[in-house]
Amino acid sequence: MSIDVNGDTVPYVKGETVADLLARMNYVFPMLVVAVDGKLVQEQDFSSTEFSDGAKIEVIHLTSGG
Amino acid sequence: MDDAEKASLEASLRRASVGIAGAGGLGSNAAVALARAGVGHLVIVDFDTVEEGNLDRQYYFLDQVGMRKVEALKDTIERAAPGVRVDGIARRLVRGEMAAPFKDVDVVVEALDEAETKTRFVQEVLRDLPGKPLVAASGVAGWGACERIEIKRLAPLHLVRDARARSCDDGVLLAPKVCAIANMEANVVLEILLGAEHVD
């Protein structure tokens, strides 16, 4: 029972939301772009979006500079 | 490509409108590239003025120092690509309504500077303009390592990025990479406007 987070294998926790996962993974940056199985999750849905065992999750941190 | 195909491509671009959030290194270079490619209408939002320190990578000139960036850019585009309509909006994007100036454009380009503002903008466009194609960029600092620059596709978001680049707070901003990523953003815009099936 595991998920893929940015290429790393991480234990799957049943019922966990995107917000829970970000907290568990210690993502401290206040603003992130998240995709679950290639689908973007809007920020306002982080705390209500769950994912299944085997999900591929991408957490994207935009870097300053422009 | 025959003359009829060329004319149809030019007409498609002339009818198109692109919104650009930010007119710094990314935005000014992307705007000039899109104007030269023949995009008919640009909506550019930036509150800043041109400073001498911008000239090393942003599409401005010494005689434009002190001008509003959107005004300077409008002048430059008039000289480089006459006939392109440029709506320059010289104000700061307001948190909560950052997407508002771009509701009527075909494609939005994120060309902002600070990480949190960039992400906030992406989130607000996804929320307030659902389905609107959005081209964003991340990781413009540094030089070399060209093969690290990739396009991450998470429809409707197309992110041009170097995921291993340093933040500009610790790295250095140099024209070749900043302009390369700005022009890649513009190239992705063309792909969206003309249809990915017509990539040439």
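In which sense do strand S5 and strand S7 of chain B pair, and over how many bridges? I started my notebook there. The model is predicted.

**Chain B, the pair.** I looked up strand S5 (residues 134-138) and strand S7 (residues 157-161) of chain B, and they pair in the parallel sense over 5 bridges. I then picked one residue, Val135(B), and found that its bridge partner in S7(B) is His158(B).

**Chain B, the sheet.** Next I traced the sheet around this pair. I found 7 strands in chain B, in the order S3-S2-S1-S4-S5-S7-S6. The sheet is open, and its pairing is mixed. I noted the edges: strand S3 (85-89) and strand S6 (150-154) of chain B each pair on one side only. From one strand to the next, the twist averages 20°. As a reminder to myself, strands of a sheet pair through backbone hydrogen bonds, either parallel or antiparallel.

**Chain B, a helix.** I turned to helix H2 (residues 25-37) of chain B. Helix H2 of chain B lies across strand S1 (17-21), strand S2 (41-45), strand S4 (107-110) and S5. I recorded its angle to S2(B) as about 170°.

**Chain A.** What does chain A contain? I counted 1 helix and 5 strands. Along the sequence they follow the pattern β-β-α-β-β-β. The radius of gyration of chain A is 11 Å, close to the 11 Å that the globule rule gives for 66 residues, so chain A is as compact as a globular protein of that length. Its C-alpha trace spans about 40 × 25 × 20 Å along the principal axes. Buried residues make up 24% of the 66 residues in chain A. Of the chain A contacts with a separation of 6 or more, 57% come from residues 24 or more positions apart.

Definitions and conventions
Residues are numbered from 1 along each chain as its sequence is written. Chains are lettered from A and ligands numbered from 1 in the order in which they are written. This is a predicted model: local features need pLDDT of at least 70, side-chain atom pairs count only at pLDDT 80 or more; totals for chains, interfaces and linings use all residues. Two strands pair if DSSP finds at least two bridges between them. Helices (H or I, at least four residues) and strands (E, at least two) are DSSP runs, numbered from the N terminus. Axes are lines fitted to C-alpha atoms, for helices over the stretch in contact, and angles run from 0 to 180 degrees between N-to-C directions. Two residues are in contact if their C-beta atoms, placed from the backbone, lie within 7 Å. The radius of gyration is taken over C-alpha atoms; the globule rule is 2.2 Å times the number of residues to the power 0.38. A residue is buried if 20 or more other C-beta atoms lie within 10 Å of its own, exposed if 12 or fewer, and partly exposed in between; C-beta atoms are placed from the backbone.
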